[in-house]
Number of protein chains: 2
Amino acid sequence: MRRIDRPEAHVLGVSHTRFGEQWEKSFRDLMTEAGLAALQDAGVQGDEIDAVFVGTMSTGKLVGQEHIAPLLLDGAGLADRHLPATRIEAAGASGGLAFRQAVQLIRSGSADVVVVGGVEKMTDVSDADAQAIGSSGIDQEWEHFVGATEAALHALVAKLHMAEHGTTREQLAAIAVQNHAHGARNPLAQFRKEIELEAVVKAPKVAEPLTVLDCAPLSDGAACAVLCSGDVVASYRQDAVRVTGSGQASDHLALHSRRSMTSSRATQEASRRAYLEAGVSVADVQVAEVSDPYTVSQLLAIEDLGLVRRGEGGRATMEGRTTFGTGAVVVNPSGGLKARGNPAGATGIAQVAEVVWQLRGEANGRQVKDARIGITHNTGGTGATAVVHVLESGL
Amino acid sequence: MRRIDRPEAHVLGVSHTRFGEQWEKSFRDLMTEAGLAALQDAGVQGDEIDAVFVGTMSTGKLVGQEHIAPLLLDGAGLADRHLPATRIEAAGASGGLAFRQAVQLIRSGSADVVVVGGVEKMTDVSDADAQAIGSSGIDQEWEHFVGATEAALHALVAKLHMAEHGTTREQLAAIAVQNHAHGARNPLAQFRKEIELEAVVKAPKVAEPLTVLDCAPLSDGAACAVLCSGDVVASYRQDAVRVTGSGQASDHLALHSRRSMTSSRATQEASRRAYLEAGVSVADVQVAEVSDPYTVSQLLAIEDLGLVRRGEGGRATMEGRTTFGTGAVVVNPSGGLKARGNPAGATGIAQVAEVVWQLRGEANGRQVKDARIGITHNTGGTGATAVVHVLESGL
């Protein structure tokens, strides 16, 4: 491949709505709210935008609306500019992949200002439809049709991790406890309530060994980021955050086809590519927003990203090595999918928003000290898609 | 924006399955069939691929499967390479937009060989579910919820075009007649049968004035294209087709919000951008694959693309100005969505396949004479997304 002197991508502005049950707002309302707030944060006018991407997973099934991308422009009053507007879908990784498309478009030199949104409206549908959404991110023919659910597959992974590495039920629970402790400090989080280890273990079972408190909720919400090229960043915010690494990888959609069930090659590859591009090592990272649709997902994530050693995810969490004060890195200061909430397509962009706030020193009440380098890690299904970004303070 | 000396994108190989009712094949089977055939046509080995895109509209609703991109790799036996694999959705424009992402990635210098697929499995579901798919590409809240269907909106456009330009019922029908005449020569088409003008006019009404023979069918099918950069093309096929222009544009999702209902600003803008990039004028084009989910769509398409003058689409078709022998340009030599069939996400890639075959001189029985420059025009819903590519013979 040719080495081209490419423009660098910067994040100028971010926003996300409150995540949670928002029955009074349509997905269109949520998307517009997040979009306008991000433009304001970026100091960008509508007529400066060159292209738009949006990540969403389930609007086709849950709201009967595909073809979401033009709506984002509509909501922002920009439809008459006839901009390119593109929707990306990769189950829970939809937002992160949409963000990556924006980064790539800027790096290609074809756009100076790109807006990327994520949205999901999941809570005002039937339980059956909501369940079906989870199973649409795993392999429908080879997994769900024969009875597996997303939760059941993650439970298998948890049991296998316990057998292979001695991970305990309490260590898994500690991940939920930590994310709730973080989420309690986040005004936009769905659950702003600390929980006890015992509560997680004794909560109603979803799929042995996972209880309801091991699982991230379904949520309504939208998030938005405004990116620009290094060629124009000086005319906007002086504290724009640099996107120095972007890595994406995939694996077999069906869990049983993968080389390992207790580690994610997709996450390993995506992060390797992102670190390489950024020229950083994992030891340089102070803050990480990682994928935790289930507690065991976060266990694998921190191991596969290299934040802790293989097999030590549970112990490291118990020992406080991934939280404020005691950890070299703070994992999911936002509360993660578990406590901030998980409107699927919005999650990947909300992760970017959190890291941007951390790197700008604006994460009141949950600020990671001296945060200069942060990563986002967004996955779909049981991890068949993983996307990792390295963000660095522009100051 | 910075002007970068970018690699050019070339189409090395293409394929599509037969379009139609294929109850014996799953969407996974179809995708794999098209993918392997395209790789063979390209002369590309699996381990030479850098990234994958896939366009699909309705698998989430119709097959319960989102997160389609990793499946494409799985089917091709490439999952263990952990490549970036990304799904694009834009209703009927899903395939064309996926193709554009591949073009942009190659131009960015980040990939040398990119595979782009499109797939849809639409015929083995209930009529109600099939109907719902069409309405998921128009504005659910502002159009479908209050009773409009995709067909009804196109019927409104047809009536308005008749009122504004004197277009006749017979002129609309002539579009279907022409596409069926072309499709009869295409062995992969869903309908290989010529039809009479009177048959179209007298067929059962769908939405006045449109009859069932004005409407493209729902179809099963998959298509695939293999692209490479100009840096490596010499080591593959000598007759690779160059992608010299790519334009994408959007408009209000709801028809009533647009400045005009009888012309598409999205198509006008997308084609203007594509022609500009390619440095060609519409007079240079010998073959055009355009969007015809309804006969009236093709009427607007040929006008908005500049292939005929505004308001003359019907007359030009009646006079044979868009067909073999008598036309300066042949529109939809494949039979178009109407006769080749319309598996939504696959259509945009099948258009590319047809133009590539035409430019390589391989369109047996329906070869456009001396075809050197062709365009593809792919739209979603009532045209809120439009994407146009200019392809040129590499010989």
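The legends below describe close-up views of a predicted model. Local features need pLDDT of at least 70 and side-chain atom pairs count only at pLDDT 80 or more, while totals for chains, interfaces and linings use all residues. Residues are numbered from 1 along each chain as its sequence is written, chains are lettered from A in the order in which they are written, and side-chain values use heavy atoms, with hydrogens and water left out.

**View 1. Interface of chain A and chain B.** About 6000 Å² is buried between the two chains, 44% of it on carbon and sulfur atoms; buried area is the accessible area (1.4 Å probe) that two parts lose on being put together, summed over both. Chain A brings 72 residues to the contact and chain B 72 residues (contact: heavy atoms within 4.5 Å). Across the interface there are 40 residue pairs in polar contact, both residues at pLDDT 80 or more. A polar contact is a pair of N or O atoms within 3.5 Å; within protein, one must be able to donate a hydrogen and the other to accept it, and residues adjacent in sequence count only if both atoms are side-chain atoms. Among the elements of chain A that each supply at least two residues to the side touching chain B are helix H1 (27-42), strand E3 (85-89) and helix H4 (94-107). H4(A) gives the most, with six residues. Helices (H or I, at least four residues) and strands (E, at least two) are DSSP runs, numbered from the N terminus.

**View 2. Salt bridges between chain A and chain B.** The count between these chains is eight, where a salt bridge is a side-chain nitrogen of Lys or Arg within 4 Å of a carboxyl oxygen of Asp or Glu. In one of them, Arg87(B) pairs with Glu89(A), the closest N and O atoms being 2.9 Å apart. Asp80(B) and Arg259(A) form another, at 3.8 Å from N to O. This pair runs from the loop between helix H3 (69-75) and strand E3 (85-89) of chain B to the loop between E8 and H10 of chain A. Asp80(B) is partly exposed, at 33% relative accessible area, and Arg259(A) is exposed, at 55% (buried: under 20%; exposed: over 50%; partly exposed: in between; 1.4 Å probe, protein chains only).

**View 3. Salt bridge of Asp41(A) and Arg237(A).** The closest N and O atoms are 3.2 Å apart. Asp41(A) belongs to helix H1 and Arg237(A) to the loop between strand E7 (221-229) and E8, 196 residues apart. Asp41(A) is partly exposed, with 22% relative accessibility.

**View 4. Surroundings of Ile138(A).** Ile138(A) is found in the loop between helix H5 (127-135) and H6 of chain A and is buried, with a relative accessible area of 0%. Beyond its neighbours within four places in sequence, its contacts include Leu153(A), Leu253(A), Thr382(A) and, from chain B, Gln65(B).

**View 5. Helix H11 of chain B.** Just after the helix, Gly306(B) takes a positive phi of about 85°.

**View 6. Arginines over aromatic rings.** Arg28(A) lies over the face of Trp142(B), at 3.8 Å from the ring centre. Arg185(B) lies over the face of Phe324(B), at 4.5 Å from the ring centre. A charge sits over a ring if NZ of Lys or CZ of Arg is within 6 Å of the ring centre and within 35 degrees of the ring normal.
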